[in-house]
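Thanks, everyone. I'll keep this short. Have a look at the structure first, and then we'll talk about pockets and the ligand.

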Amino acid sequence: MNTEEKTVQARLQEVMQTLPEHVRLVAVSKFHPQTALTAAYEAGQRIFGESRVQELQVKQAALPADIEWHFIGHLQANKVKYIAPYVSLIHAIDSEKLLLEVEKQGSRCQRIIPCLLQLHIAREETKFGFTPEELLAFLATERWKTLTHVQISGLMCMASYTDDLQQVRHEFRTANELFDSIRHTYFSDRPSFKERSWGMSHDYLIAIEEGSTLVRVGTKIFGERSY
Ligand SMILES: *Cc1c(COP(=O)(O)O)cnc(C)c1O
């Protein structure tokens, strides 16, 4: 094992030590080579997050079968079919159309695919996801209740990319309050609605204080990505 791979293992351990028991770590390995993932795998990491379908396909085929692959980025509906047979969690469902496509592909491969609804809370214009109003309106339609091959397992969000940590905390808190209220209204009889996917390298400790159950950490484990 070379120094770079040892560094990955040491950083992974460092991050793991900061996580309470109820928080799971998604090691965000996008743009990093398979050797980096293998190093993390050998140090015990089993959940990896990728954001490009083609890259995920290659890694999934090459790496051990007990890895849980999470799709964390913006997913185009026409690509769902490639990952539907094996993906463990799709983090960023940002439209009903995408959810319906996951339903269709889940049905094709006879799977129930766990999904998170992506909430758009950050100030940035560019981020995908449902605004709180859109999310509540969609849930109120109850159309999602007829789906049998997707499981809505919780919410995902990204905070604004800013040094203003109070702002970041405020956004996670808003997401957490919305999560509680949605769970109470729509999922009190569905315990599988439980994941709060928030927190990345620079803000995951705040995210955990604000209710996160699933942190998505890349740079802090694998180093900078070269795009
Ligand atoms: C890339 C990415 C991450 C990881 O970001 P880091 O800052 O490298 O930890 C987390 N979530 C999503 C949705 C991403 O696209």
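One term before we start: a pocket here is an open set of grid points with protein on both sides within 12 Å along at least five of seven lines. Keep in mind that this is a predicted model.

Take the second largest pocket. About 180 Å³ of space lies in it. Its lining divides into 6 nonpolar, 3 polar and 2 charged residues. Among them are Trp144, Phe187 and Arg190.

Now the largest pocket. Its volume is about 630 Å³. There are 24 lining residues, and Lys30, Lys127, Met158, Met200 and Arg225 come closest to the centre. By class, that lining has 10 nonpolar, 10 polar and 4 charged residues.

So where does the ligand sit? In the largest pocket.

Who surrounds it? The shell includes Val28, Lys30 and Ile72. Three methionines are there too: Met156, Met158 and Met200. Then comes the run Arg216, Val217, Gly218 and Thr219. Ser201 and Arg225 complete the list. By class, that shell is 6 nonpolar, 3 polar and 3 charged residues.

Which side chain has an N or O atom 2.9 Å from a ligand nitrogen? That is arginine 216. The side chain of arginine 225 has an N or O atom 2.8 Å from a ligand oxygen. Glycine 218 uses its backbone: a polar atom there is 2.8 Å from an oxygen of the ligand. As for cover, the ligand on its own has 390 Å² of accessible area, and the protein covers 90% of that.

How values were computed: Residues numbered from 1 in each chain as written. Predicted model: local features only at pLDDT ≥ 70, side-chain atom pairs only at ≥ 80, totals over all residues. Heavy atoms only, no water. Near = heavy atom within 4 Å. Polar contact = N/O pair within 3.5 Å; in protein donor to acceptor, adjacent residues only side chain to side chain. Areas by Shrake-Rupley, 256 points an atom, 1.4 Å probe, with all protein chains shown as cover. 1 Å grid on protein atoms, 1.4 Å probe; cavity = no way out; pocket = protein on both sides within 12 Å on 5 of 7 lines; lining within 4 Å. Sits in = over half its atoms within 2 Å of the grid points. Nonpolar A, V, L, I, M, F, W, Y, C, P; charged D, E, K, R; others polar. Points joined across faces, edges and corners; volume = space filled by probe spheres on them.
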